[in-house]
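The sequence and the structure are shown first, and a description follows.

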Amino acid sequence: MKTYTARLEREKDGRWTVELEEEPRVHTWGKTVDQALARMREAAALWFQTDENQIELVPHPVLPKTAGHTVEQARQARDHARDADRRAIEQTRKAAAALTNRGISMRDAAAILGISHQRVHQLLTPETTPARRKAG
């Protein structure tokens, strides 16, 4: 799979023009961002003589400075939230294991952790851990 940066600009008439930053001769437009990106994927596949499924586009909208800054802050906040969520899940898994290893039931561990006993079971079952899912 090949990744390209799709530079998006909103025109005065409301449509979106898009071009590949890596190859500006590949450009198209759409009424919506999704339509413009779909058309760009098709155009890039034709230009590079490959299958559309082999084209990954990273949208790069051209925005006014303040809007661009706000969008970037929102992206960073979502990234931090995903990281915090992963850490919370891992810490909860460790806590559930520590409690049940001391002979505390899954239901009691769930009450202590403030989650359902089903979630405790999920966290402690090796088949549901990310490493096992990838390997299996």
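Predicted model: local features only at pLDDT ≥ 70, side-chain atom pairs only at ≥ 80, totals over all residues.

## Strand pairing

In strand E2, Leu-20 is the bridge partner of Ala-6.

The pairing between E1 and E2 is antiparallel and extends over 5 bridges. These two strands form a hairpin, with 5 residues lying between them. In the turn, Gly-14 has a positive phi of about 95°. E1 and E4, by contrast, run parallel and are joined by 7 bridges.

## The nonpolar core

The largest nonpolar core comprises 14 residues. Leu-8, Val-18, Leu-20, Leu-37, Met-40, Ile-55 and Leu-57 are those with the most contacts inside this core. At least two core residues come from each of four elements: strand E1 (2–10), strand E2 (16–20), helix H1 (33–48) and strand E4 (55–61). Helix H1 makes the greatest contribution, with 5 residues.

Which residues is Leu-20 in contact with, leaving aside its neighbours within four places in sequence? They are Tyr-4, Thr-5, Val-26, Met-40, Ala-44, Phe-48 and Leu-57. Among them, Met-40 and Leu-57 also belong to the group with the most contacts inside the core.

## Helix H2

Helix H2 covers residues 65–101 and has 37 residues. From its first C-alpha to its last, H2 reaches 54 Å, which is close to the 54 Å expected at 1.5 Å a residue. The residue that follows H2 is Gly-103, whose phi is positive, near 90°.

The buried residues of H2 are Ala-96, Ala-97 and Leu-99. These buried residues pack against two further helices, H3 (106–113) and H4 (117–124).

## Gly-68

Gly-68 lies in helix H2. Is Gly-68 buried, partly exposed or exposed? Gly-68 counts as partly exposed because its relative accessibility is 26%, a value in between the limits of under 20% for buried and over 50% for exposed.

The position of Gly-68 may also be described relative to Ile-112. The two residues are 44 residues apart in sequence, and the distance between them in space is 43 Å, C-alpha to C-alpha.

How values were computed:
Residues numbered from 1 in each chain as written. Heavy atoms only, no water. Core = buried A, V, L, I, M, F, W, Y, C linked by side-chain atoms within 4.5 Å. Buried < 20%, exposed > 50% of the residue type's maximum accessible area, 1.4 Å probe, protein only. Contact = heavy atoms within 4.5 Å. Expected span 1.5 Å × (residues − 1). Pairing = 2+ DSSP bridges.
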